[in-house]
Amino acid sequence: MAKKQIPVIVVAGFLGAGKTTLLNHLLRNTRGARIGVIVNDFGSVNIDSMMVAGQVDSMVSLSNGCLCCAVDVSDMDAMLDKLAHRSSDLDVIVVEASGLAEPRNMIRLVAGSENEYVSYGGLVLVVDAVEFDATVEQHPELEQHVALADLVLINKTDRIDGEAHDDLLTRLCRLNSRAAVVSTDHGRIDPALLFDIPERPGPQPGEQLTLDRLLYEQDDHEHTHLHDGYDAITFESADALHPRVLVDFLENQPAGVFRIKGYVRVAAGLDTGTYLLHTVGDHIRFEPAGRGDDVPDGTQLVVIGADLDSDDVRERLRRCVPTEPVSADAMYAIHRFTPR
Ligand SMILES: Nc1nc2c(ncn2[C@@H]2O[C@H](COP(=O)(O)OP(=O)(O)OP(=O)(O)O)[C@@H](O)[C@H]2O)c(=O)[nH]1
C-alpha cells in the first residue's frame, strides 16, 4: 500500500483579497485536523495564540522574498521536508502565497516536489468581490489565475449587493467553468471542503471540550451559514466500474466538484482491483488499495464541491458500471494515474 501523502493546498489571491483572513479562519476551525502552514510572513497570522491552542502543528516561514519568485523547487522542498516526513502526523499543509505571487509557479513548486510524503492539494483562489473588476483592469493576468484555480472563493460578499454578486459569479464561471465557486465573507468556509476532518467521538458526559472544539462550536453557532454552498455526495456500488469510463468521468467532472476521494473497484478483462482514489480539480491519483480492514468490497466515493447536482453526479457515476464485457486494455486508463 502506498504511503500516506499529505495534501498541500496553495492559497492565492491578489493583495488584500482575504488570504490571511481565510487562513486564520481555517486555523480556528481545524476541528481536530493537524495543519501545517507555509507563509511568506507570519506577521499577520495570529500564530502565537494558535500555537497555544495547539491548532498549528508545524509551520515554516520565508520571512524575506516572495515564495513564488525567490524560491525554486529545492527551496520549496526544504520547507516541505520540515513539515512532511516519515513521522509527520499532519493532515494537510496550507501554503499562503503572497498577494503578488504567480500561482502557476506555486503549483509547479508543489506539484514538482520530490518529497514523497506530499501530494498537490489544489489551488484556492481568493477573489475580492469588491475590487475584482478594477484589479483585472490593472492586472489582466488575474483572469488567468482564475482559470487555473480548483476552488474560487468569492470573498467580501458582505460588501456587494445580489446583482453585483451574480455578475461576478457569471464572469468567474466564464473564466473557469471547471472550478468550484463558493461565496463567502471573511473566508468563512467549511474546512471540510478543503481537507478531511478526522472523525472523533463527541465529548463524554463530564468531559471538557478542547479549546479547538470550543472555538469551532462557538463559530458554528454564531455563523450557521458556515456550511452553505458545500456539498458532499456519497456514491456506492457493489459492481466493479469500467476503468476507462471512470477516468473519462474524472477528466470531465461535473461543474462545481472540488475533490473526490474514496475507494473504487474496477474490472477489465480478467483483471480486477480496488484503488484509493484522490482527485483535486483535474489532478487525479489512484493508489492500489491492498487488503485492509478499511478497504470495502465495492466502490465507496465521496464527491465534494459547491452547488453540486447530486442526481446528476450519482447518475454519471452509475454509468461507469459496464453493461458489456470490458476489454483488458481498459485498465491502462487507471495506470496512467498511479504513482510510479
Ligand atoms: N468587509 C470585509 N472585509 C474583509 C473580508 N475578508 C477580509 N477582509 C479584510 O480585508 C483586509 C485584507 O484581508 P487579508 O486577509 O489581510 O488579505 P490578504 O489577501 O492576506 O492580503 P495580502 O497579504 O496583502 O495579500 C483585512 O482588513 C481584512 O479584515 C470580508 O469578507 N469582508
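Tutor: Asp231 is partly exposed, at 24% relative accessible area. The model is predicted, so every value here is computed from predicted coordinates. Asp231 sits in strand β8, which covers residues 231-237. Arg318 is 87 residues away from Asp231 along the chain, and their C-alpha atoms are 19 Å apart.

Now the charge pairs. Side chains of opposite charge can pair when their charged atoms come close. The structure has 13 salt bridges. One of them joins Asp133 to Arg171, with N and O 2.6 Å apart. Asp133 belongs to helix α6 (residues 132-138) and Arg171 to helix α8, so this bridge ties together parts 38 residues apart in sequence. Arg171 has a relative accessible area of 26% and is partly exposed. Asp133 is partly exposed too, at 44%.

Arg171 has a further partner. Glu143 forms a salt bridge with Arg171, and the closest N and O atoms are 3.0 Å apart. Glu143 comes from helix α7 (residues 141-148), while Arg171 is in helix α8, so this pair ties together parts 28 residues apart in sequence. Glu143 has 28% relative accessibility and counts as partly exposed.

Another bridge joins Arg319 and Glu315, where the closest N and O atoms are 3.5 Å apart. Its two ends carry separate labels. Arg319 counts as exposed because its relative accessibility, 54%, is over 50%. Glu315, at 32%, is partly exposed.

Asp161, Glu163, Asp166 and Asp167 make up a negative surface patch. Patch members must have over 30% relative accessible area and no salt bridge. Asp161 has 49% and is partly exposed. Asp161 lies in the loop between β6 (151-155) and α8 (162-175).

The loop between β6 and α8 also holds Lys156. Check the backbone there. Most residues other than glycine have a negative phi. Lys156 has a positive phi, near 65 degrees. Asp307 likewise has a positive phi without being a glycine, at about 50 degrees. Asp307 is placed in the loop between β12 (299-305) and α11 (310-318). Its relative accessible area is 62%, so Asp307 is exposed.

Last, the rings. How many aromatic pairs does a search of the whole structure find? The search finds one. Tyr275 and Phe286 form this pair, with 6.0 Å from centre to centre and 80 degrees between the planes, which makes it edge-to-face. Tyr275 is in strand β10 (residues 271-280) and Phe286 in strand β11 (residues 283-288), so the pair ties together parts eleven residues apart in sequence.

Note on methods:
Residues are numbered from 1 along each chain as its sequence is written. This is a predicted model: local features need pLDDT of at least 70, side-chain atom pairs count only at pLDDT 80 or more; totals for chains, interfaces and linings use all residues. Side-chain values use heavy atoms; hydrogens and water are left out. Patches are made of residues with over 30% relative accessible area and no salt bridge: like charges are joined within 9 Å, nonpolar side chains (Val, Leu, Ile, Met, Phe, Trp, Tyr) within 5 Å. Accessible areas come from the Shrake-Rupley method with a 1.4 Å probe; for residues, only the protein chains shown count as cover. A salt bridge is a side-chain nitrogen of Lys or Arg within 4 Å of a carboxyl oxygen of Asp or Glu. Lys and Arg count as positive and Asp and Glu as negative; His and the chain ends are not counted. The place of a charge is taken as NZ of Lys, CZ of Arg, CG of Asp or CD of Glu. Helices (H or I, at least four residues) and strands (E, at least two) are DSSP runs, numbered from the N terminus. Buried means under 20% relative accessible area, exposed over 50%, partly exposed in between (1.4 Å probe, protein chains only). Rings of Phe, Tyr and Trp (its six-membered ring) pair if their centres lie within 6.5 Å; planes under 30 degrees apart count as stacked, over 60 as edge-to-face and the rest as tilted.
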